[in-house]
Amino acid sequence: MTPGGALAFRDVTCVRGRRTVFSDLSFAVERGGAALVRGPNGAGKSSLIRIAAGLLEPFEGTVAYTPPRALITEDSALDSELPVARALGFWASLDDSDRDRHRAVADALAAFGLSDLAHVPVRLLSTGQRRRACLARVVAADAPTWLLDEPANGLDSASLATLETLIARHRKAGGAVVIATHLPLDLPRAQQIALGEG
Ligand SMILES: Nc1ncnc2c1ncn2[C@@H]1O[C@H](COP(=O)(O)OP(=O)(O)OP(=O)(O)O)[C@@H](O)[C@H]1O
């Protein structure tokens, strides 16, 4: 990875179930940068995020990145029996957070207005609250690269604004984001990656 680089795809081809979903895709995201992945249903947005996270092997091509990476997907799960703060603490340590774990989790929960629910089991959260907790998990992980698959789904407008603010702060601190989304998201100077066109 180049010194200023966070993530780079080089000539990546994605095949799923014997179907080529996209081919020869190249892009690079620098630290402080953002990429917005768009495209119709089935175009391969989630597949791209999974390849970027190392969960799916590219059929061809290479992916370079600066570790660690923090990921949320549509099916991101927190242990439903654990209280929210402990569920996030577990993930923060798995994601190799180098900040004080409890402080990072508390800060992230506060940012998403979940401090009052820190000791409530995850299973009792509403859909939007659970989504906010998953996003807080990414923030608490303190990873340089965030990979977000449909992060705005289920968020109310206040939480969406919080997400935009935290992404801006993350980029200002030298972090990078790759976001697949159908929903409008204010992401200044983001490069656009259009799948399923042409
Ligand atoms: N596990 C799998 N096995 C085989 N094919 C798969 C698998 N997962 C996804 N696909 C196929 O890969 C293609 C891309 O799927 P993907 O979920 O990446 O698209 P997407 O752009 O995120 O779609 P959406 O907007 O509906 O979320 C689709 O045709 C899908 O059917």
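**Entry 1: Ground rules.** I am looking at a predicted model, in which local features need pLDDT of at least 70, side-chain atom pairs count only at pLDDT 80 or more, and totals for chains, interfaces and linings use all residues. Residues are numbered from 1 along each chain as its sequence is written, and side-chain values use heavy atoms, with hydrogens and water left out.

**Entry 2: The antiparallel sheet.** I started with an open sheet of three strands, in the order β2-β1-β4, with antiparallel pairing. β2 (19-30) and β4 (60-65) are at the edges with a single partner strand each, so one side of each has no neighbour in the sheet. On average, neighbouring strands here are turned by 15° against each other, direction ignored. My note on names: helices (H or I, at least four residues) and strands (E, at least two) are DSSP runs, numbered from the N terminus. Two strands pair if DSSP finds at least two bridges between them. I then looked up β1 (residues 5-16), which is joined to β2 by eight bridges. V15 is a handy place to look, as T20 in β2 stands opposite this residue.

**Entry 3: The parallel sheet.** Next I turned to an open sheet of five strands, ordered β5-β6-β7-β3-β8, where the pairing is parallel. Which strands stand at the edges? They are β5 (69-72) and β8 (191-194), and each has a single partner strand, so one side of each is left without a neighbour in the sheet. I followed β3 (residues 34-38) to β8 and found four bridges in the parallel sense. There, R38 stands opposite A194 of β8. A reminder to myself: strands of a sheet pair through backbone hydrogen bonds, either parallel or antiparallel.

**Entry 4: Helix α1.** Is α1 (residues 45-53) mostly covered or mostly open? I found it mostly covered, with seven of its nine residues buried. Buried means under 20% relative accessible area, exposed over 50%, and partly exposed in between (1.4 Å probe, protein chains only). Among the buried ones are L48, I49 and I51. This helix lies across β1, β2 and β4, at about 125° to β1. It also lies across β3, β5, β6 (145-149), β7 (176-180) and β8, and runs at about 155° to β6. For these angles, axes are lines fitted to C-alpha atoms, for helices over the stretch in contact, and angles run from 0 to 180 degrees between N-to-C directions. Contact means heavy atoms within 4.5 Å. After α1 comes G54, with a positive phi near 85°.

**Entry 5: The ligand.** How many residues surround the ligand? I noted 13, and the closest are R19, G42, K45, S46 and S47. A residue counts as near if one of its heavy atoms lies within 4 Å. α1 gives the most to this shell, with three residues. I also looked for polar contacts, meaning pairs of N or O atoms within 3.5 Å. An N or O atom in the side chain of R19 is 2.9 Å from a ligand oxygen. A polar backbone atom of A43 is 3.2 Å from an oxygen of the ligand, and a polar side-chain atom of H182 lies 3.3 Å from a ligand oxygen. Taken alone the ligand exposes 640 Å², of which the protein buries 59%. Such areas come from the Shrake-Rupley method with a 1.4 Å probe.

**Entry 6: One serine.** Last, I looked up S159 in helix α5 (residues 157-172). S159 is buried, at a relative accessible area of 6%. Leaving out residues up to four places away in sequence, S159 touches F112 and R132.

Conventions
A polar contact is a pair of N or O atoms within 3.5 Å; within protein, one must be able to donate a hydrogen and the other to accept it, and residues adjacent in sequence count only if both atoms are side-chain atoms.
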